Amino acid sequence: MSDSSVATPPTPTKPHATKYTRNQPYISRVLTNDRLTGPESEKETLHIELDLEDGMIYTPGDAVGIIPTNREQQVEENLSALGFNGTERVLDHYKVEISLHEALTTRLGIGKLARGSLNQYAKLFGENVPEGLKKLQGQENKAIAEEYVWGREFVDLVKEFPGAVTDPQQLFNVLQRLTPRMYSIASSQAAHPNEVHTTVRVVRYNAHGAERQGVCSGHMGERAPVDASLPIFLHENNAFRLPEDTDAPVIMIGPGTGIAPFRAFLEHRQALGEKGPMWLFFGEQRRVSDFLYEQQFARMQAEGVLTKLDTAFSRDQGKKVYVQDRMQENASELYDWLERGAYFYVCGDASRMAKDVETALLDVIARGSNGTLEHASEYLAAMKKAKRYQRDVY
Ligand SMILES: Cc1cc2nc3c(=O)[nH]c(=O)nc-3n(C[C@H](O)[C@H](O)[C@H](O)COP(=O)(O)OP(=O)(O)OC[C@H]3O[C@@H](n4cnc5c(N)ncnc54)[C@H](O)[C@@H]3O)c2cc1C
């Protein structure tokens, strides 16, 4: 009997988007892992495409959670510093018995050292806490402890104060869980039905005499080639959404990896033929090496999907220029867009950029309306209330 004569089985009900969670992730396949930044860039930013199962649905503005593993070299360093060989048996957070090697690879956060770990680690010494470690304990030494953990990993603590861990199970009290990292989704399913794309900056730095890397972004940078498997889950973010009115103008401020959700917004409106005007502000260090998605945006501009594109490359001239400076230069037109009902979005660095952009936005509103900063604050508050000011910053 040929296959074609076999009766077609009933179509299975589509799994719900939330079937996969951080505790029960979807094992995705890496379809693409391309470096977006040029070789001379100071940054290593990747474009990663992952496969999705039928029925896994997201909306532009959502994030994808990626569950990383620790580097083998790092695991070995920890085993050696702790004096274990990795075959010891431990119970994980769900009381499942696994090897210590497995625990250090997939369960425990052995990357950046948490301040809480200092206290838990010190407790293992009982009465005999080493003097150096004592000085990092207690509320009164919080600042010193913060300084100590900055740029250090667990293995540095173990090497400096060895001998505390006598039973590998104790590590579950000392170390935090290895947690998933979130990445803003950079694609639209209207354009790529069974895929999710991300824009990942690999965190690398040198601290305390060693080359360090971020756990998850390092995983993406070194151990996630095409065809590799990655446990992922989709994470809804209803606070970051394109306007329901597909004709409404949108202004998008997305320097660095903050560009990700705006690539998703643009792809979405392009794929669905939606006509609302879109204005993108992108910033990075250098045009020649750091202009993420340059060609795709040029095509979108040529097709009229991307109405306006303003870039700020901070290192391309003597005086540093950022997205907020470009906003100021375009103040009058920006205010006109706001008056026409534009939605204003910001994504990326929370520590400085988001605040600087808000300050610039208030100034743009004050100047445009010939009003005071107080009036501008009220204007912005009204925009927030109407969901016309949305931020996705980290
Ligand atoms: C909603 C959301 C969306 C996000 N979207 C994106 C995105 O689109 N793209 C993206 O790349 N990231 C995004 N992030 C950030 C991402 O989740 C991770 O935080 C980031 O990739 C770093 O994770 P990691 O595991 O590589 O690094 P970790 O192992 O978590 O290490 C990072 C830590 O290393 C330490 N560190 C870093 N640099 C130094 C230094 N020079 N000296 C000393 N210590 C240092 C700091 O303690 C820092 O917190 C998003 C975060 C959120 C919450």
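How far is a nitrogen atom of the ligand from a polar backbone atom of Thr199? The distance is 2.8 Å, in a model that is predicted, where local features need pLDDT of at least 70, side-chain atom pairs count only at pLDDT 80 or more, and totals for chains, interfaces and linings use all residues. Residues are numbered from 1 along each chain as its sequence is written, and side-chain values use heavy atoms, with hydrogens and water left out.

**Domains**

- The domain assignment of the protein gives domain 1 (26-68 + 180-235), domain 2 (72-174) and domain 3 (250-393), and such bounds come from an automatic or database domain assignment.
- Between the C-alpha centres of domain 1 and domain 2 there is a distance of 28 Å.
- Five residues from domain 1 and seven residues from domain 2 take part in the contact, a word that here means heavy atoms within 4.5 Å.

**The interface of domain 1 and domain 2**

- The two domains bury about 540 Å² between them, with 42% of it on carbon and sulfur atoms; buried area is the accessible area (1.4 Å probe) that two parts lose on being put together, summed over both.
- On the side of domain 1, the residues that lose the most area to domain 2 are Tyr205, His208 and Arg212, which together account for 67% of what that side buries.
- The rule finds two salt bridges across this interface, each being a side-chain nitrogen of Lys or Arg within 4 Å of a carboxyl oxygen of Asp or Glu.
- Arg212 forms a salt bridge with Glu153, and their closest N and O atoms are 3.9 Å apart.

**The ligand**

- The ligand is surrounded by 19 residues, of which Met182, Tyr183, Thr199, Cys216 and Ser217 are the closest; a residue counts as near if one of its heavy atoms lies within 4 Å of the molecule.
- An oxygen atom of the ligand lies 2.8 Å from a polar side-chain atom of Arg181, while a nitrogen atom of the ligand lies 3.1 Å from a backbone N or O atom of Ser184.
- Taken alone, the ligand exposes 990 Å², and the protein buries 74% of that, with accessible areas coming from the Shrake-Rupley method with a 1.4 Å probe.

Technical notes:
Polar contact = N/O pair within 3.5 Å; in protein donor to acceptor, adjacent residues only side chain to side chain.
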